[in-house]
Amino acid sequence: MVAAGASTQRAVQSRVGAGDVERLLSKFALIVASDHQYGGKLTIETQASALAGEALALQARGTASQRIRSALYGCAASFTSSAMWAAIDGRRFDTAQRHFDRAAGLATMSGDPAIQFRIWSHAGSLYRHMARPVDALAANDVARRLPIARRDPMFASLGHARHAAILGQTGDQRAVRQAVGHAEDALARSEPSDDRPLWLNAFYDQAELENLALAGYLALGDYEVAEGHAHRSLALLRPGMRRTRSITTARLAKAQLGQGDLEEAVATAMTIPLEPTGLHPRINSMLRDFSSTLQIAAPSSDPATAWDQYAHDSLRTLL
């Protein structure tokens, strides 16, 4: 009877197919869109983690071909990587490290080089935001050395651009300039119509390249060059990239402040919308840094007074 019961259970076990993978990816598209508008929210991290759980539950519940099983592991890795990015964006670095450890294992089981690239590239960003450039460069190098970065110039471009942002923290201006050049050359060689993962198509383009170059030159203290990249990024950004627009605007304000353009810098910072992206943890941190720098540079100036009043009236819960 036991053997017969087990046989019946196997017979009724559901079959997992490509349609199940597509349904997961449709849900993932909504999370990616939400991240581009709001970013860093705990809700986004939670949703992405839950979706990874759904993918793994399908592995456990149903029968599937090896191709579908690999795809499910790839989905789980990609969703966990999105949870990792939300944690990085929200400055929850310990949590991001835990997501990375899990995502890396899932990516290995998937055999998908694209998601392996994403996870190690995210690890480079994690360590950059933690001001650990040596670890950041090492992690990003893992991504850049994957075969997919040699086959597809779009992946290569993203790897070089993120390297430029990290290299800014080392103070090596020549290396930053070289990495930005490599990123631009690779992007120019890429075919926009090639089949690529949703997560890459959703954000990486010339505007993001300019934004990463901006981060690198800002870290170097080369504020004039940084400002040029900021303006180009803002001009090219897609309408839905609200979080990125606010971050880029905050970086622009810092670049203007670094050049002594106090009135322009304050005016730029005041254009950052408070809802919803103004509540973003990274933007809050950048505005606090802007306030401190302005106070040190010109504590009694009219722009500093105007910013203090604005901060008191509008940003009292943030700064």
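Are Phe290 and Trp307 buried or exposed? Before selecting them, note that this is a predicted model in which local features need pLDDT of at least 70 and side-chain atom pairs count only at pLDDT 80 or more, while totals for chains, interfaces and linings use all residues. Residues are numbered from 1 along each chain as its sequence is written, and side-chain values use heavy atoms, with hydrogens and water left out.

Start with the aromatic pairs, of which the structure holds seven; rings of Phe, Tyr and Trp (its six-membered ring) pair if their centres lie within 6.5 Å, and planes over 60 degrees apart count as edge-to-face, under 30 as stacked and the rest as tilted. Select Phe100 and Trp120, whose ring centres are 5.1 Å apart with planes at 80°, so the pair is edge-to-face. Because Phe100 lies in helix H5 (residues 93-110) and Trp120 in helix H6 (residues 113-129), the pair ties together parts that are 20 residues apart in sequence; helices are DSSP runs (H or I, at least four residues), numbered from the N terminus. Phe100, at 7% relative accessibility, counts as buried, whereas Trp120, at 29%, counts as partly exposed (buried is under 20% relative accessible area, exposed over 50%, partly exposed in between, with a 1.4 Å probe and protein chains only).

Phe290 belongs to helix H16 (residues 281-297) and Trp307 to helix H17 (residues 302-314), 17 residues apart, and the opening question is settled here: Phe290 and Trp307 are both buried.

Finally, select Phe117, Phe155 and Trp199, which ring pairs link into a cluster.

Conventions. Helices (H or I, at least four residues) and strands (E, at least two) are DSSP runs, numbered from the N terminus.
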